[in-house]
Amino acid sequence: MLTEILINLFERDLSRLEDEIAAYETEDAIWRVPEGIKNSAGNLCLHLCGNLQHYIGAILGQSGYIRERDREFSDKNVPRQELLALVGVTRRVVLSVIVGLTPEVMARQYPERVLGDMNTDSFLVHLYGHLNYHLGQINYHRRLTR
């Protein structure tokens, strides 16, 4: 079933996000924006957590999370431990919502029009791809800022 696959993938890559943030040699390096790079790893981490907590937690799970997307890119120097705690909360929210999705819910149109009309299952696959894309950017950023 797709929900089991998504649970495994989100669990794996949100753990990798924690590993990447923890692997930075200094907290300052998390927030560096070298020439030619648009976002710091810290901002990408905030963005990923905000994205997943909004689209999965708030929309599908009715968690009450209120997204402040602009802050995902404007906040600077959030301590590493706060970033790691945020990833942990995000992982718990994402996994608890996905585990409760029935095949009927997965087959329905996603409740919010984001990328046109998409079923929930397709939109969740899109969200996983978005996580993985930015995770790769963070990995590159970490190695670039050594």
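Tyr-55, Tyr-110 and Phe-123 form one aromatic cluster in this predicted model. Rings of Phe, Tyr and Trp (its six-membered ring) are taken as a pair if their centres lie within 6.5 Å; planes under 30 degrees apart count as stacked, over 60 as edge-to-face and the rest as tilted. Four aromatic pairs are present in the structure. In one of them, Phe-10 and Tyr-128, the ring centres are 5.7 Å apart and the planes stand at 85°, so the pair is edge-to-face. Phe-10 belongs to helix α1 and Tyr-128 to helix α7 (residues 120-144), so this pair ties together parts that are 118 residues apart in sequence. Helices (H or I, at least four residues) and strands (E, at least two) are DSSP runs, numbered from the N terminus. Phe-10 and Tyr-128 are both buried, where buried means under 20% relative accessible area, exposed over 50%, and partly exposed in between (1.4 Å probe, protein chains only).

Residues are numbered from 1 along each chain as its sequence is written, and side-chain values use heavy atoms, with hydrogens and water left out. Because the model is predicted, local features need pLDDT of at least 70 and side-chain atom pairs count only at pLDDT 80 or more, whereas totals for chains, interfaces and linings use all residues.

**Charged pairs**

Side chains of opposite charge can pair when their charged atoms come close. The whole structure contains ten salt bridges, each defined as a side-chain nitrogen of Lys or Arg within 4 Å of a carboxyl oxygen of Asp or Glu. Three of these pairs are listed below.

| Asp-13 | Arg-12 | 2.9 Å |

**Cysteines**

A disulfide is a covalent bond between the sulfur atoms of two cysteines. With the criterion of a pair of cysteine sulfur atoms within 2.5 Å, the search of the whole structure finds zero disulfides. For Cys-45, the closest cysteine sulfur is that of Cys-49, 4.5 Å away, which is too far for a bond. Cys-45 is buried at 0% relative accessibility, and Cys-49 is buried with a relative accessible area of 1%.

**Surface patch**

Leu-2, Ile-5 and Val-125 make a nonpolar surface patch of about 220 Å². Patches are made of residues with over 30% relative accessible area and no salt bridge: like charges are joined within 9 Å, nonpolar side chains (Val, Leu, Ile, Met, Phe, Trp, Tyr) within 5 Å. Ile-5 lies in helix α1 (residues 2-23) and is partly exposed, with a relative accessible area of 45%.

**Annotated span**

According to UniProt, in an unreviewed entry, the feature "domain: DinB-like" is placed at residues 10-138; such annotations may be inferred rather than shown by experiment. The end C-alpha atoms of residues 10-138 are 16 Å apart, and the span is 69% helix and 0% strand.

How values were computed. Areas by Shrake-Rupley, 256 points an atom, 1.4 Å probe, with all protein chains shown as cover.
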